[in-house]
Amino acid sequence: GGGGSAAGTPGTLTLLLGEGTKRLPQAIIIGVKKGGTRALLEFLRVHPDVRAVGAEPHFFDRNYERGLAWYRDLMPRTLEGQITMEKTPSYFVTKEAPARISSMSKGTKLIVVVRDPVTRAISDYTQTLSKKPDIPTFESLTFKNRTTGLIDTSWSAIQIGIYAKHLENWLLYFPIGQILFVSGERLISDPAGELGRVQDFLGLKRIITDKHFYFNKTKGFPCLKKAEGSSKPHCLGKTKGRTHPDIDQEVVQRLRDFYRPFNMKFYQMTGQDFGWD
């Protein structure tokens, strides 16, 4: 709401009063878990025209019964011309999410950060291991039966990486041009380049450039010279960039072979070669 003064300078007072309006998001980072979604959101928040929810709302998967008014209330206030965003990486694999987001707004822009499904699975396992140190080995969870080498596709760590399968579900509700696929690998090797694509997709001025990043060799991650709303440099938290356990190379190779046809299908569907093989 309002806040414009009679003197004919709308905007100025609105800014001073920290007002603006809570709006439903026009863009959502819908996936994928362990792909680089937190990094993308933190990098994007540097843009003055992006306002985003910090925590994952999980509205379209876990909290849908609470209703759109509840969801909108979680959003930050925005001024005219600013974009409201949120990220919940589990949306990408949620059966009901495409229909639900489409019924909120058919025009919602969707962003999926994807990463090599094999390293994604290991990263997923590593996260679980950090919370539950007594879980079985990665190798034993990968196979239904180690002897026959049959892979257990029902294990979520493996299931999530079958991107082509999940994408088909989204394409029933959204045209492919309304979904941007961000390479999790390039987000690390060339953050400014990937952010350029994202800003274009969102219709934003290319404000975030390589001047905003420096590479932290210890973390092996790009960091921001200045975080949103701060003059201090900012790297992602200590739960990011965990060291992966050593996985039996034979198992890694078996997974590479398993994912290959799905990856090829995904490259065809998106018109992008992510170079995972």
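# Close-ups of a predicted sulfotransferase-domain model

In an unreviewed UniProt entry, residues 25-260 carry the annotation "domain: Sulfotransferase". UniProt positions follow the numbering used here, feature names are shortened, and annotations may be inferred rather than shown by experiment. This is a predicted model, where local features need pLDDT of at least 70, side-chain atom pairs count only at pLDDT 80 or more, and totals for chains, interfaces and linings use all residues. Residues are numbered from 1 along each chain as its sequence is written, and side-chain values use heavy atoms, with hydrogens and water left out.

**View 1. The annotated span, residues 25-260.** Helices (H or I, at least four residues) and strands (E, at least two) are DSSP runs, numbered from the N terminus.

View 2. The unreviewed UniProt entry gives Lys-34, Gly-35, Gly-36, Thr-37, Arg-38, Arg-115, Ser-123, Lys-240, Gly-241, Arg-242, Thr-243 and His-244 as "binding site". Gly-241 belongs to the loop between strand 11 (221-224) and helix 11 (249-270), and its 44% relative accessibility makes Gly-241 partly exposed (buried is under 20% relative accessible area, exposed over 50%, partly exposed in between, with a 1.4 Å probe and protein chains only).

**View 3. Arg-115 and its neighbours.** Look for Arg-115 in the loop between strand 6 (109-114) and helix 5 (117-131). Leaving aside residues up to four places away in sequence, Arg-115 touches Lys-34, Gly-35, Arg-120, Ser-123, Tyr-163, Glu-185, His-244 and Trp-276 (a contact means heavy atoms within 4.5 Å). A polar atom of the Arg-115 side chain lies 2.7 Å from the backbone oxygen of Lys-34.

**View 4. The loop between strand 2 and helix 2.** Most residues other than glycine have a negative phi, and most peptide bonds are trans. Here, though, the bond from Gly-31 to Val-32 is cis, with omega near -5 degrees. Lys-34, in this loop too, has a positive phi of about 60 degrees despite not being a glycine. With a relative accessible area of 16%, Lys-34 is buried.

**View 5. Helix 2 against helix 10.** Helix 2 (residues 37-44) and helix 10 (residues 191-201) pack at about 75 degrees, their axes 11 Å apart. That makes the two roughly perpendicular (65 to 115 degrees; under 35 is roughly parallel, over 145 roughly antiparallel, the rest oblique). Axes are lines fitted to C-alpha atoms, for helices over the stretch in contact, and angles run from 0 to 180 degrees between N-to-C directions. Leu-40, Phe-43 and Leu-44 of helix 2 meet Pro-191, Leu-195 and Val-198 of helix 10. As for cover, 8 of the 8 residues of helix 2 are buried.

**View 6. Helix 5 crossing helix 11.** These axes come within 9 Å and cross at roughly 125 degrees, so helix 5 and helix 11 are oblique to each other. Pro-117, Val-118 and Ile-122 of helix 5 make the contact with Val-252, Leu-255, Arg-256, Tyr-259 and Asn-263 of helix 11.

Technical notes
A polar contact is a pair of N or O atoms within 3.5 Å; within protein, one must be able to donate a hydrogen and the other to accept it, and residues adjacent in sequence count only if both atoms are side-chain atoms.
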